[in-house]
Amino acid sequence: MSATSRPGEVPARSKRADALRNQQALLAAAAAVFATSGVDAPIREIAARAGVGLGTIYRNFPTRADLVVAVYRHQVEACAEAGPTLLADADSPLAALRQWVDLFVDFLVTKHGLANALQSDSSGFDALHAYFLDRLVPVCAQLLDAAVDAGEIRPGTHAYELMRGIGNLCIGRDGDPRYDPRRLIELLLRGLQQPQSS
């Protein structure tokens, strides 16, 4: 082997790392566009926000449904990974729960329209929903348990119930610009808190 052909492995790894970073940036850009314009937003809008050409998007995600599913999975993973990090870094378990709920709401807003994008593949939607529950319910439960153990919230709230309630509060957001689900979600979280003894 010549000295010039041998170092080829390192650039290949570096190229894969660059491609992964570019894909993550593309997914983040798509999520931001979906949050403001819905999952039917023009692909060129996503490309412009990501700073890539249309060909790059179609090379990675041949159909809109492929892109929507990838964004969904990317956001589920980000939300799942954020829970333990927030719990370790926040001032209190309740503060971590509030921050996680905020991320969860961002995710739910982006998720709007997913069912329509996947209407031809109901089994794919069902699989994504199961994935969502499998990844996020345990994270929410961990945050709730930590807040209960710290005496910050009342015991008895189940993660699935809380997530479902938050999801239901987010439903009307698109139809009415005067409606801010975050205000009601804040009231819901306050209702979970233990009364402070005077």
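This is a predicted model: local features need pLDDT of at least 70, side-chain atom pairs count only at pLDDT 80 or more; totals for chains, interfaces and linings use all residues.

Leaving aside neighbours within four places in sequence, with which residues is Leu54 in contact?

**Surroundings of Leu54**
- Beyond its neighbours within four places in sequence, Leu54 is in contact with Ile43, Arg44 and Ala47.
- Leu54 belongs to helix α3, which covers residues 54-60.
- The C-alpha atoms of Leu54 and Ile43 lie 7.2 Å apart, while eleven residues separate the two in sequence.
- With a relative accessible area of 40%, Leu54 is classed as partly exposed.

**Packing of α5 against α9**
- Helix α5 (residues 93-111) and helix α9 (residues 181-192) have axes that come within 12 Å and cross at roughly 145 degrees.
- The crossing of α5 with α9 is right-handed.
- From α5, Leu97, Arg98, Val101, Asp102, Val105 and Asp106 meet Arg182, Ile185, Glu186, Leu189 and Arg190 of α9.
- The residues of this contact comprise five nonpolar, six charged and no polar ones.

**Geometry and burial of α9**
- The twelve residues of α9 should span 16 Å at 1.5 Å a residue, and this agrees with the 17 Å between its end C-alpha atoms.
- Pro181, Ile185, Leu189 and Leu192 are the buried residues of α9.
- These residues lie on the same side of α9, because they cover an arc of only 75 degrees around the axis.
- Arg183 and Arg190 are exposed on the other side of α9.
- In general, an α-helix has 3.6 residues a turn, so residues three or four places apart point the same way.

Terms used:
Residues are numbered from 1 along each chain as its sequence is written. Side-chain values use heavy atoms; hydrogens and water are left out. Axes are lines fitted to C-alpha atoms, for helices over the stretch in contact, and angles run from 0 to 180 degrees between N-to-C directions. Helices (H or I, at least four residues) and strands (E, at least two) are DSSP runs, numbered from the N terminus. A crossing is left-handed if the near helix is turned anticlockwise from the far one by less than a right angle, and right-handed if clockwise. Contact means heavy atoms within 4.5 Å. Ala, Val, Leu, Ile, Met, Phe, Trp, Tyr, Cys and Pro count as nonpolar, Asp, Glu, Lys and Arg as charged, and the others, Gly among them, as polar. The expected span of a helix is 1.5 Å times one less than its number of residues. Buried means under 20% relative accessible area, exposed over 50%, partly exposed in between (1.4 Å probe, protein chains only). The arc is that of the directions from the helix axis to the C-beta atoms.
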